[in-house]
Each structure stands twice: as structure tokens, then as C-alpha cells.
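Here is a short briefing on one protein chain. Look over the sequence and the model first, then read the points below.

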Amino acid sequence: MMAMSSATIAANTLKNVGHASSEFPKIIDILRSLQKRNKTKPRMPKRGDRVGFSFSTKDRYLFTLQTLQNLDTEGGFDLIWNDGSKEPGVPALARNYKFQNAKLMEVNYGVTGGPERAVCFGLSRLLELGYDYVGLIENDILFRPGWFSALMKLFSLGAEDGIACGSATARSFESHVLEYRSGYGVQSDTGAGMVLFSRAAAEIIMDLYSNPSSLQMTTHSWQKFYADLFGLDLRTFSPFWAYPPERAFPCTLDWGYTPSLYLNGYASLSTIPSYATDLEFDVETFFHTKYVSAEKNNAGVAYPRIPFAL
């Protein structure tokens with residue numbers, strides 16, 4: 001599949017989605033138009049599908065141990081452990097930790113070179129091993145019981161609504177949700193800390209990494225993307241609170257995942273409520289937002305609608 005860069009949005013704004021000046025098109029209808037253009041189809045998980053996560057670690061022994069203990073409350077998926085630690089604690093944990101539910105397939109030491117290197121190594125290895133669903137988990141995520149079943153259910157909930165889910169996350173921030181639907185949120189960003197891709201979506205991301213600039217966005221281009229595509233005003237997007245609004249700041253490459261997948265006909269969805277939280281930072285202080293609660297279910301579009309930049 002040919003991956004489409006998020007930089008091409010100006011030349012690919014959707015047409016014929018049936019909106020009048022007094023009525024905005026529904027986000028779900030825009031998603032279906034994107035799918036039709038890209039010939040992508042919704043897919044529910046099937047019996048026999050293999051799910052694998054790349055567990056990425058670099059030191060932080062206590063964080064790593066807590067993440068392991070909480071993700072291991074669930075089964076039905078495999079782990080490949082990719083470690084870039086300089087200290088001996090985490091490599092020793094990788095050799096000695098006794099899993100109760102998750103299945104550890106392999107441990108790879110010396111995976112260094114920064115977060116992008118860890119992402120590419122993990123995704124490419126999982127694709128090489130033939131997994132149908134390919135995920136990333138960093139060693140600072142705290143899961144609560146039920147996280148994996150809720151995560152997998154997103155692919156089915158999307159398919160029931162005619163949405164091809166390309167990436168899903170159990171870590172749900174209010175700021176990142178574009179629309180709260182019944183049982184799931186439509187995301188503006190999933191990031192690389194806790195995400196599960198369909199195989200086709202993971203292949204798109206890896207293709208984009210062959211030219212990393214195709215994933216590069218700024219705070220301004222990222223907000224403009226959602227104004228152009230969905231007619232949503234994200235100028236109040238709270239995680240950008242520390243950036244002067246008149247200046248465009250570069251985002252890390254994982255901010256380009258979700259926009260790129262939308263352009264290729266794949267949606268990004270999140271659980272309602274959130275089943276994962278961050279160990280490294282307090283979300284209200286760091287992002288000026290909250291984790292999604294059950295009360296948000298079916299609450300509708302989360303940002304003001306604005307005219308499309310046609």
C-alpha cells in the first residue's frame with residue numbers, strides 16, 4: 001500500500017461529503033469517504049489472529065516492574081522485549097521475570113539509538129514475525145485489569161460503525177479525543193507509548209519511516225490538518241499550553257502517525273474510559289487535561305466546528 005504523507009493534506013481535502021454552509025458533515029461520514037477513496041475496509045479481529053507488542057525499556061527499573069505487573073493481568077498476546085538499558089537492573093529483570101498471562105517470545109538487548117530507533121526495531125520485528133496486530137508499549141504505562149480486551153474491542157466497535165480502525169489505544173486523554181461515540185473515542189493522536197496497529201496500518205507507518213520527514217509536523221500544521229480534514233478547531237488543544245500560539249513548534253514524529261493513517265483510510269480509536277495511565281508524569285500538570293472517564297461515553301464532538309479550508 002502506498003503511504004500518503006500528512007504534508008499532502010492541502011492537495012487531498014475531501015470533496016463531495018455532502019455538507020452545506022449551515023450543516024457540518026459528520027466525522028464518521030468523512031471517515032467513510034476516506035476509506036472509500038483508499039479502498040480500505042473495516043476488519044474485526046478473527047479467531048486465530050496473532051497480537052504482539054514491542055515492550056521498549058531503558059533503565060527505570062521500578063517503572064518497568066510496575067508496567068510488567070499490570071500488563072500481565074491480561075493474556076492473549078505476545079511480547080518481544082527490546083531493551084536499551086545502560087544499567088544492569090532491567091536486563092536482569094528481563095531474564096528473570098515470571099509471566100503469568102502474557103507470553104514473552106524473545107528479548108533483544110542493546111536496542112539503542114533513541115525512541116525512533118526503538119519504535120522501528122519493534123514494529124519491523126513484529127511484522128517480520130507475522131503478527132496480525134502490532135503494538136508498542138513503553139516502560140512507564142500503568143494498566144488496569146481489562147485493558148487488553150477493551151483495546152481489542154475497539155477494532156470490533158469501529159467495524160460495527162463501518163470504521164476501519166488502524167490504531168487503537170487504551171490510554172485515553174480528554175484533549176486527544178475528537179468525538180466521543182458509543183464505546184469509543186475518535187482520536188487526534190495515539191502516540192508511541194501505548195498503541196496497537198492493524199498490520200496494514202503498521203506497514204504504512206514503517207513505510208513513512210523510510211522518509212522520516214513525511215511524519216514531521218509542527219503544532220500549527222497538526223492543528224491545520226484537523227481543521228482542513230474534519231472542520232475542527234483545535235487551537236485550544238491543551239497539551240500545547242506551553243507553546244506560544246503564534247509560533248509553530250516541531251512535534252515528535254509519533255504525532256504524525258494518526259494524521260497519516262487518516263489520509264490512508266484508517267481511523268485511530270481509544271477506549272472509554274481510559275484503561276492506562278502514565279507513571280512518569282501527572283497528566284493534569286503535564287498536558288493540562290484528564291484521562292477519559294466513563295461519563296464521556298457518547299458525548300459527541302469534543303471541539304468546535306469551523307468552516308473547511310477548501
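Accessible areas here come from the Shrake-Rupley method with a 1.4 Å probe. On that basis, the accessible surface of this chain comes to about 13,600 Å². Carbon and sulfur atoms account for 52% of that surface. Keep in mind that the model is predicted.

**Overall build**
- Nine helices and twelve strands make up the secondary structure elements of the chain.
- The radius of gyration is 19 Å, close to the 19 Å that the globule rule gives for 310 residues, so the chain is as compact as a globular protein of that length.
- Along the principal axes, the C-alpha atoms fill a box of roughly 60 × 45 × 40 Å.

**Burial and contacts**
- Of the 310 residues, 57% count as buried.
- Take the contacts between residues at least 6 apart in sequence: 82% of them join residues at least 24 apart.

**Charge**
- The chain carries 30 positive and 31 negative charges.

- Ile-30 sits in helix H1, which spans residues 27-38.
- Is Ile-30 buried or exposed? Ile-30 counts as buried because its relative accessibility is 0%, and the cut-off for buried is under 20%.
- Ile-30 and Leu-263 are 233 residues apart along the chain. Their C-alpha atoms are separated by 11 Å.

Methods:
Residues are numbered from 1 along each chain as its sequence is written. This is a predicted model: local features need pLDDT of at least 70, side-chain atom pairs count only at pLDDT 80 or more; totals for chains, interfaces and linings use all residues. Side-chain values use heavy atoms; hydrogens and water are left out. Helices (H or I, at least four residues) and strands (E, at least two) are DSSP runs, numbered from the N terminus. Buried means under 20% relative accessible area, exposed over 50%, partly exposed in between (1.4 Å probe, protein chains only). The radius of gyration is taken over C-alpha atoms; the globule rule is 2.2 Å times the number of residues to the power 0.38. Contact means heavy atoms within 4.5 Å. Lys and Arg count as positive and Asp and Glu as negative; His and the chain ends are not counted. The place of a charge is taken as NZ of Lys, CZ of Arg, CG of Asp or CD of Glu.
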